[in-house]
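Consider the model below with its strand pairing in mind.

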Amino acid sequence: MPSIVGAVTPAAGRNPRPGRGYRSVGWGAVTGSTAPTAPAAPTTPTTPPPEAVLPPRAPEAPAPGTRLGSHYEHCFGCGPGHPGGLRIDAVAGEGLDVTAEFTVRPEHQGGPGLAHGGLLTTAMDEILGTLNWLLHAPAVTGRLETDFLSPVPVGSTLHLSARVTGVHGRKVYSAAEARIGGPEGPVAVRAQALFIQVKLEHFTKHGRPEDIEKVLDDPDLMKRARAFEVNP
């Protein structure tokens with residue numbers, strides 16, 4: 001089937017001869033007009049709506065410059081106990097923003113000598129999810145959109161930065177970049193996300209019981225709280 005952009009259709013009852021009985025069909029198939037309509041401005045669920053706001057940092061949020069460490073030992077994104085994990089250790093910024101570094105290791109390959117695209121998406125999800133520590137509210141990923149701008153070789157260090165772009169009700173909107181070679185290097189990956197704030201029951205209801213029990217039995221209150229602070 002031909003594209004509707006710039007296509008022509010014969011009017012009813014006419015022979016399809018050039019120059020007679022034809023009308024232009026543009027975006028939206030505008031009838032009776034020779035000018036195609038412009039496509040609507042793109043919208044995305046990860047773009048904050050006009051009524052979204054930027055809230056202040058939560059009083060319990062880590063101080064600027066604080067290394068946030070792992071929220072759960074076995075988390076693939078940040079846990080030191082995961083042998084093939086990304087081990088992303090974010091640092092709290094001055095506002096609703098965080099930074100981190102991630103070095104691509106051989107076990108992170110997709111194509112020969114290059115980082116796996118899905119793994120890079122995981123790194124973006126991790127840094128974006130870490131923002132919820134600054135709001136001091138547990139949240140899970142609702143939608144994540146990732147753009148890959150350049151290949152990332154094994155051995156490269158990506159400099160990640162993320163920021164909250166708006167909050168509306170339970171919805172937290174955020175954006176992130178991964179620059180290669182330095183904080184001011186070229187952007188290799190860009191992402192936008194929508195997180196949904198949830199209650200603790202989300203984790204205890206849907207998580208594997210033995211893992212949930214292990215966390216809840218930990219005598220360290222801070223570790224118990226942090227285990228449920230961000231996207232699992």
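Val91 has Thr99 in S4 as its bridge partner. This is a predicted model, in which local features need pLDDT of at least 70, side-chain atom pairs count only at pLDDT 80 or more, and totals for chains, interfaces and linings use all residues. Residues are numbered from 1 along each chain as its sequence is written, and side-chain values use heavy atoms, with hydrogens and water left out.

Strands (E, at least two residues) and helices (H or I, at least four) are DSSP runs, numbered from the N terminus. Two strands pair if DSSP finds at least two bridges between them. S3 and S4 are antiparallel and pair over two bridges. They belong to an open sheet of six strands, ordered S3-S4-S6-S7-S8-S5, with antiparallel pairing. Its edge strands, S3 (91–92) and S5, each pair on one side only.

Further along the sheet, S6 and S7 run antiparallel and are joined by 10 bridges; His159 stands opposite Arg179 in S7. The two strands form a hairpin with two residues between them, and Gly169 in the turn has a positive phi of about 65°. S7 also pairs with S8, in the antiparallel sense, over nine bridges, and here Lys171 stands opposite Ile196 in S8. The hairpin of S7 and S8 has six residues between the strands, with Gly181 at a positive phi near 90°. Seven of the 10 residues of S7 are buried (under 20% relative accessible area; exposed is over 50%, partly exposed in between; 1.4 Å probe, protein chains only).

H1 lies across S4, S5, S6, S7 and S8, at about 50° to S8. Such angles run from 0 to 180 degrees between N-to-C directions, with axes fitted to C-alpha atoms, for helices over the stretch in contact (heavy atoms within 4.5 Å). Because 10 of its 14 residues are buried, H1 is largely enclosed by the rest of the structure. Among the buried residues are Leu120, Met124, Asp125 and Ile127.

Leaving aside neighbours within four places in sequence, Val98 is in contact with residues including Leu68, Ile127, Leu134 and Leu160. In soluble globular proteins, nonpolar side chains tend to be buried together.
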